[in-house]
Amino acid sequence: MDFEDSPEESTFRAKVRMWIDANAPKHLEDELRRTSTIGRLGITSEDPVVASKNWQAKKAVAGYACLQWPVEYGGGGLSAIERVIWQQEEGPYAQLSLMFSIGYGMCGPTLMTWASHETNRRLLPPMATGEEVWCQLFSEPAAGSDLAGLRTRAELADDGSGDWIVNGQKVWTSFAQHARYGMLIARTDPGAPKHKGLTMFFVDMQSPGIEVRPIKQANGQATFNEVFFTDLRVPDANRLGAVGQGWEVSITMLMNERATIGANISTSFEQIFDFVEELETIDGPAIEDRAVRSKLAHWAARASGLKYTAMRSISALSRGETPGPENSIGKLVIATMRQEIAAFALDLQGPAGILDAPDYAPARGWFQANLLRSPAMRIEGGSDEILRNVIGERVLGLPADIRIDKNVPFNEIPTKGAVR
Ligand SMILES: Cc1cc2nc3c(=O)[nH]c(=O)nc-3n(C[C@H](O)[C@H](O)[C@H](O)COP(=O)(O)OP(=O)(O)OC[C@H]3O[C@@H](n4cnc5c(N)ncnc54)[C@H](O)[C@@H]3O)c2cc1C
């Protein structure tokens, strides 16, 4: 493991710092630090969508929006380690990229693997600049961890046009209300085993036949949506991969999703340490309390384990290697730690813990925001249990989970009367 920047990496880091210093929206820095944390972009002095789009467009011109993408697709043509350095330096401004993360982190790399050069030339540059937001139309009310159990249908139109007609429903679709395009997986052959009868498309979210209904969350924001399709017409030219190859395409997207979620998200250890250091309780300074110190020691050990696991991946990237499924450990540990730390901080805050407005709440409401958002992080991009399965099967080589319906035609899998 190598902890130091190479001379080239250190030159790049200095260049990035200078660029951020000269170009970042500094008038928003304090507000971003005060109001924004995981899953919450709390700025009110400017329209958050406009502020996000402005920062994304500025980064794209300099090649810092999608650092590893080829320049001809709107990227920076840079290396994986340069992307890591950028992430380490972007600081609070990274919050402004949240609504583009599904596009540049997941849909973009999937298009680059499965779409033609012409399609990529058309779709990727406006995705990189943030002009066109993308969403992921995968999960359904009865298909999340078991994504291959999805029921949204795509059938060939009977007018000979070659178009597909889509009917069904998705749920949890982050940023669909801002999206111009969505990556949609649908069932095209219900008679095939569940993983084999699926096909992937990209759809224009402004098409007739799509209805987006935002869902109000516990933290007051509405980033997720339900999306309904009623006779949505999708041209065959929007298909990615062959008919029936959707599962393979979705794996490309899910591998990128696991690398995107959790990247550059802290454990909250620094915040709880700072908070406790300042806190006075009726029994004296909280930092001198044995129970508090024991908790801090426990989290310090876990934070160090995570830091060095991440360093191992970063060293691999620096050598031009691709980190493997061991990356799943990061999100699993970070999300649980953030939830535990938030709950503990609120216990220490006593009655003040019920305040959550950043201007009034202790520690600017950081822990309140985390308490409401960290459970979602334990689910998104693979729940804790699914990640444990991945680690068990693919890292530790343990026997695989039992999958009894793998080779059964989808329309013969027993259900509780659901319509296929
Ligand atoms: C913040 C957030 C953003 C999201 N954004 C999107 C998005 O933009 N687009 C999109 O398509 N989806 C999105 N999702 C959906 C997400 O992918 C699913 O919620 C997730 O895959 C879990 O599926 P589920 O909610 O249906 O839970 P289920 O799959 O029904 O799981 C319920 C419980 O059962 C457990 N479980 C399930 N299978 C197993 C198993 N084999 N072994 C052990 N335990 C198991 C799970 O761990 C969980 O505890 C988002 C979710 C969240 C929380």
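Q: Let's start with charges. Which side chains does Glu155 meet in a salt bridge?
A: One thing first: this is a predicted model. To spot a salt bridge, look for a side-chain nitrogen of Lys or Arg within 4 Å of a carboxyl oxygen of Asp or Glu. Here the side chain of Glu155 pairs with that of Arg153, at 3.5 Å from N to O.

Q: Is Glu155 buried, partly exposed or exposed, and why?
A: Glu155 counts as partly exposed because its relative accessibility is 38%.

Q: How many salt bridges does the structure hold?
A: There are 20 salt bridges. When you read one, check where each partner sits. Take Asp405 and Lys194, whose side chains meet at 3.0 Å, N to O. Asp405 is in the segment after H12, while Lys194 is in the loop between strands S4 (179-187) and S5 (198-204), so the pair ties together parts 211 residues apart in sequence. Lys194 counts as buried, since its relative accessibility is 5%.

Q: Which residues do salt bridges with shared partners join into one network?
A: That would be Asp5, Arg13, Arg17 and Glu89. Within this group, the side chains of Glu89 and Arg13 form a salt bridge of 2.8 Å, N to O. Glu89 belongs to helix H4 (residues 80-90) and Arg13 to helix H1 (residues 7-23), so this pair links parts that are 76 residues apart in sequence. Both Glu89 and Arg13 are buried.

Q: Now the ligand. Which residues come nearest to the ligand?
A: Start with the shell, then go to individual atoms. Of the 19 residues around the ligand, Gln136, Ser139, Ser145, Ser383 and Glu385 come nearest. By class, the shell splits into 7 nonpolar, 8 polar and 4 charged residues. H12 gives the largest share, 3 residues.

Q: What does the side chain of Lys170 contact?
A: A polar atom of the Lys170 side chain lies 3.0 Å from the backbone oxygen of Phe138, and a 2.8 Å polar contact joins the side chains of Lys170 and Glu140. Lys170 lies in strand S3 (residues 164-170) and is buried, at 0% relative accessible area.

Q: Which residues form a nonpolar patch on the surface?
A: Look at Ile354, Leu355 and Tyr360, with about 400 Å² of accessible area together. Ile354 sits in the loop between helix H10 (328-349) and H11, and counts as exposed because its relative accessibility is 76%.

Conventions
Residues numbered from 1 in each chain as written. Predicted model: local features only at pLDDT ≥ 70, side-chain atom pairs only at ≥ 80, totals over all residues. Heavy atoms only, no water. Near = heavy atom within 4 Å. Helix = DSSP H or I, 4+ residues; strand = E, 2+ residues; numbered from the N terminus. Nonpolar A, V, L, I, M, F, W, Y, C, P; charged D, E, K, R; others polar. Patch = residues over 30% accessible without salt bridge, like charges linked within 9 Å, V, L, I, M, F, W, Y side chains within 5 Å. Areas by Shrake-Rupley, 256 points an atom, 1.4 Å probe, with all protein chains shown as cover. Buried < 20%, exposed > 50% of the residue type's maximum accessible area, 1.4 Å probe, protein only. Polar contact = N/O pair within 3.5 Å; in protein donor to acceptor, adjacent residues only side chain to side chain.
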